[in-house]
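Have the sequence and the 3D view open as you read.

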Amino acid sequence: MSEEEKRIPRHIAIIMDGNGRWAQSRGLTRIEGHKAGTENLRQIIRASVDFNVKYLTIYAFSTENWGRPKDEVKGLMTILESVIDRELNELNAEGVRICHLGRLESMPVKTSRKIEHAVEVTRHNDRLILNIAWNYGGRDEIVHAIQQIIKAGIPAEKITEELVSCYMFTCDSPDPDLIIRTSGEMRLSNFLIWQSAYSEWYATPTLWPDFNKQEYQKAIDAYGQRKRRFGKI
């Protein structure tokens with residue numbers, strides 16, 4: 001791998017934060033903010049392809065988000081469904097593979113079926129792997145992995161870090177090299193707890209709907225200046 005390639009994260013994960021505050025500052029509803037954030041995701045997906053990023057993971061809906069007002073939750077589900085309907089064919093044509101992280105069984109049937117359809121339609125693509133964390137929580141993911149390991153009857157002495165990673169929702173993706181959080185918050189928010197052990201973090205005050213290709217480039221440039229030691233010298 002060349003030095004130039006090393007400066008480009010293979011896997012970028014993004015906590016897309018700030019839709020509500022973006023909307024509030026403009027006198028709009030929170031749902032309108034989420035719609036603006038969804039529209040922005042389109043340019044970030046295409047920028048990821050341009051930047052030669054191979055894996056992009058987006059934190060779209062957490063297990064804790066069910067505690068939001070019912071109208072907002074319903075609106076978010078509707079937005080996801082409409083995005084799949086509108087964007088799936090183009091994403092598939094551009095070689096984007098859609099993967100889901102989280103528990104589908106807890107979601108509305110209509111929404112989960114659309115997600116499953118998108119996953120199936122794009123499963124042979126490899127230009128960009130787009131992991132959508134929807135109804136996802138880092139602690140829930142670890143609990144789910146433990147449950148599956150126990151169900152598989154694997155003895156305690158056989159359990160290793162590599163084995164646990166194979167039971168995570170992200171089993172087909174490498175750990176993220178760079179995690180970006182927009183809106184200036186400095187929290188993990190229950191996101192990729194296991195996988196982010198040695199990820200580089202980048203926080204920006206820019207609200208998600210305003211996080212454009214230029215802001216994305218800044219994050220990648222900052223990553224390229226860092227030296228990753230993974231606990232070594």
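With 3% relative accessibility, Asn135 counts as buried (under 20% relative accessible area, with exposed meaning over 50% and partly exposed in between, using a 1.4 Å probe and protein chains only). Asn135 sits in strand E4, and its phi is near 55 degrees, a positive value in a residue other than glycine.

Before going on, some ground rules: this is a predicted model, where local features need pLDDT of at least 70, side-chain atom pairs count only at pLDDT 80 or more, and totals for chains, interfaces and linings use all residues. Residues are numbered from 1 along each chain as its sequence is written, and side-chain values use heavy atoms, with hydrogens and water left out.

## The strands around E2

Strand E4 covers residues 128-136 and runs parallel to E2, with 7 bridges joining the two. One spot to look at is Tyr59, whose bridge partner in E4 is Ala133. Strand E1 (residues 11-15) also runs parallel to E2, through 5 bridges; here His11 has Tyr55 of E2 as its bridge partner. Two strands pair if DSSP finds at least two bridges between them. Helices (H or I, at least four residues) and strands (E, at least two) are DSSP runs, numbered from the N terminus.

How enclosed is strand E2 by the rest of the structure? Of its 8 residues (55-62), 7 are buried, so E2 is largely enclosed.

## Helices H3 and H4

Now for the helix pair. Helix H3 (residues 30-50) and helix H4 (residues 70-93) have axes that come within 10 Å and cross at roughly 25 degrees. Axes are lines fitted to C-alpha atoms, for helices over the stretch in contact, with angles running from 0 to 180 degrees between N-to-C directions. H3 and H4 are therefore roughly parallel to each other (angles under 35 degrees).

On the H3 side, the contact (heavy atoms within 4.5 Å) includes Ile31, His34 and Arg42, and on the H4 side residues including Leu76, Ile79 and Glu87. The residues of this contact divide into 6 nonpolar, 3 polar and 10 charged. Here Ala, Val, Leu, Ile, Met, Phe, Trp, Tyr, Cys and Pro count as nonpolar, Asp, Glu, Lys and Arg as charged, and the others, Gly among them, as polar.

## Another positive phi

Ser189 also has phi near 55 degrees, a positive value in a residue other than glycine. Look for Ser189 in the loop between strand E5 (178-181) and strand E6 (200-203). At 28% relative accessibility, Ser189 counts as partly exposed.

Technical notes
Parallel < 35°, antiparallel > 145°, perpendicular 65-115°, else oblique.
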